[in-house]
Amino acid sequence: MNNLHLATQIAPALRMIFAPDGKAYVSYSNENNTTASLYTCENRWTEDFTTFCGKNTADKETVQIDGIGCFTIEKEKKDKPLSGKIAVVTGSAQGFGAHIAEFLCSQGARVALADMNYGGVCERAEFLSKTYDIPTLPIMANVSDEASVRDMIQKVVLSFGGLDIFINNAGIVRAGSLEEMTKENFELVTSVDYTAYFLCVKYAAEPMKIQRACAQNYMADIIEINSKSGLEGSNKNFAYAGAKFGGIGLTQSFALELAPFGIKVNAICPGNFLDGPLWSDPDRGLFVQYLKAGKVPGAKTVADVRAAYEAKVPLGRGCRAEDVNRAIAYIIEQKYETGQALPVTGGQTMLN
Ligand SMILES: NC(=O)c1ccc[n+]([C@@H]2O[C@H](COP(=O)([O-])OP(=O)(O)OC[C@H]3O[C@@H](n4cnc5c(N)ncnc54)[C@H](O)[C@@H]3O)[C@@H](O)[C@H]2O)c1
């Protein structure tokens with residue numbers, strides 16, 4: 001096991017020993033600028049650090065762990081609903097993910113924004129950091145690549161000290177009938193919308209388990225941004241719907257496996273985000289595509305296509321970012337619910 005790997009395990013433990021309510025951040029470096037030296041021998045550092053914390057009540061400490069490196073630990077003083085929390089949002093360069101990242105920052109969490117569009121998350125992270133006066137972390141990540149997912153979690157843990165909220169949001173759509181769909185496109189959708197969820201949970205759960213081992217009542221959240229297409233079939237969009245149905249199966253199964261570690265796993269199933277880029281992009285958006293393809297009989301303009309989709313919703317409009325953010329706030333606040341799929345569809349999809 002190399003030093004970075006060990007540091008990734010040590011940081012969440014230090015964080016929780018220092019502040020059992022989790023309201024602290026830890027950053028790792030190779031510098032040697034310490035208030036205390038701890039020893040790794042037979043995991044002595046846990047014992048040393050617990051004793052050290054008992055004697056010291058400072059809000060900020062820097063400790064050197066023999067042979068591993070230096071950890072700076074700092075208590076969070078702010079008092080917003082999510083102050084002290086550390087979150088990752090995948091696919092946060094645009095769309096739902098960008099809004100979710102903003103919501104979590106506004107509530108006081110430190111957020112890592114992960115996306116294949118690195119320029120996009122850098123810009124977004126800088127904007128959020130300035131607007132909400134809070135550190136953020138842009139990360140270049142491909143969620144369907146295991147090494148990239150492992151590195152993403154390592155970066156978050158070594159920069160902020162742990163992980164409390166993981167939002168599995170990155171997703172893609174490749175619609176098409178049985179005649180149109182290629183094996184390549186089917187596998188691409190499956191790899192991003194289904195397999196990537198497994199990869200992300202595999203690595204996100206590691207620091208969460210360590211935190212729980214160090215603070216008994218501590219709870220963490222994994223939230224999958226699923227879809228109404230994960231609850232009912234989607235015509236000529238089976239690659240997406242199949243992956244999203246599978247995501248509900250993973251959510252329920254992860255919830256069972258991770259409940260003993262205080263990790264809740266839930267899915268949110270939004271309706272169509274008609275204001276988002278997927279639908280509204282003027283060149284490649286679904287409104288333009290559906291108009292050109294004549295998918296909505298009689299529609300002559302983009303506005304006609306939009307009206308047809310709004311008419312399918314009992315509450316008469318598309319899903320908005322704030323609807324999803326409210327669901328996220330509910331899931332995090334609720335301490336007695338796991339393995340659920342929460343529809344946010346304006347009544348378009350109802351549970352049996
Ligand atoms: N837009 C909708 O109407 C709608 C409705 C219900 C559910 N959803 C779900 O919400 C989530 C977000 O959708 P959106 O419409 O906001 O998407 P979007 O297309 O606007 O943004 C998706 C983001 O994910 C990133 N991404 C794509 N593949 C990636 C990969 N392999 N690794 C890392 N990042 C990657 C993209 O670069 C992009 O920034 C998806 O899971 C989607 O299935 C969307």
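This briefing walks through the overall build of one protein chain and then through a handful of its residues.

The structure is a predicted model, and its protein chain contains 11 helices and 11 strands. The chain is divided into three parts by residue number, namely domain 1 (3-75), domain 2 (86-271 + 321-344) and domain 3 (273-312). For a chain of 352 residues, a compact globule would have a radius of gyration near 20 Å, and the 22 Å found for this chain agrees with that.

**Overall shape and surface**

- The C-alpha trace of the protein chain spans about 75 × 40 × 40 Å when it is followed along its principal axes.
- Of the 352 residues in the protein chain, 51% are buried, a label that applies to residues with under 20% relative accessible area.
- The accessible surface of the protein chain comes to about 16,600 Å², and carbon and sulfur atoms account for 51% of that surface.

**Domains and contacts across the sequence**

- Domain 2 is written as two stretches, 86-271 and 321-344, while domain 3 is assigned to residues 273-312.
- The C-alpha centres of domain 2 and domain 3 lie 27 Å apart.
- When contacts between residues at least 6 apart in sequence are considered, 71% of them join residues that are at least 24 apart.

**Two residues with a positive phi**

- Most residues other than glycine have a negative phi, which is the background against which the next two cases can be read.
- Aspartate 133 has a positive phi of about 50° although it is not a glycine, and its place is in the loop between α4 (118-132) and β7 (136-140).
- Aspartate 133 counts as exposed because its relative accessible area is 56%, and the label "exposed" applies over 50%.
- Lysine 236, which is likewise not a glycine, has a positive phi near 55°, and this lysine is found in the loop between β9 (220-225) and α7 (238-258).
- Lysine 236 has a relative accessible area of 51%, and it is therefore described as exposed.

- Leaving out residues up to four places away in sequence, tyrosine 197 touches Asn168, Ile222, Glu224, Gly247, Leu250, Thr251, Phe254 and Val265.
- Tyrosine 197 and alanine 170 are 27 residues apart along the chain, and their C-alpha atoms are separated by 9.1 Å.
- Lysine 209 is also found in helix α6, but this lysine is partly exposed, with a relative accessible area of 30%.
- Lysine 209 touches Leu258, Phe261 and Ile263, again not counting residues up to four places away in sequence.

- Glycine 276 lies in the loop between β10 (263-270) and α8 (277-280), and it counts as buried because its relative accessible area is 2%.
- Glycine 276 and glycine 95 are 181 residues apart along the chain, although their C-alpha atoms are separated by 5.5 Å.
- Glycine 242 has its place in helix α7, and at 43% relative accessibility this glycine counts as partly exposed.
- Glycine 242 and valine 189 are 53 residues apart in sequence, and the distance between them in space is 9.5 Å from C-alpha to C-alpha.
- Asparagine 325 is found in helix α11, which covers residues 321-333, and its relative accessibility of 10% means that it counts as buried.
- Setting aside neighbours within four places in sequence, asparagine 325 is in contact with His99, Ile100 and Phe103.

How values were computed: Residues are numbered from 1 along each chain as its sequence is written. This is a predicted model: local features need pLDDT of at least 70, side-chain atom pairs count only at pLDDT 80 or more; totals for chains, interfaces and linings use all residues. Side-chain values use heavy atoms; hydrogens and water are left out. Helices (H or I, at least four residues) and strands (E, at least two) are DSSP runs, numbered from the N terminus. The radius of gyration is taken over C-alpha atoms; the globule rule is 2.2 Å times the number of residues to the power 0.38. Buried means under 20% relative accessible area, exposed over 50%, partly exposed in between (1.4 Å probe, protein chains only). Contact means heavy atoms within 4.5 Å. Accessible areas come from the Shrake-Rupley method with a 1.4 Å probe; for residues, only the protein chains shown count as cover. Domain bounds come from an automatic or database domain assignment.
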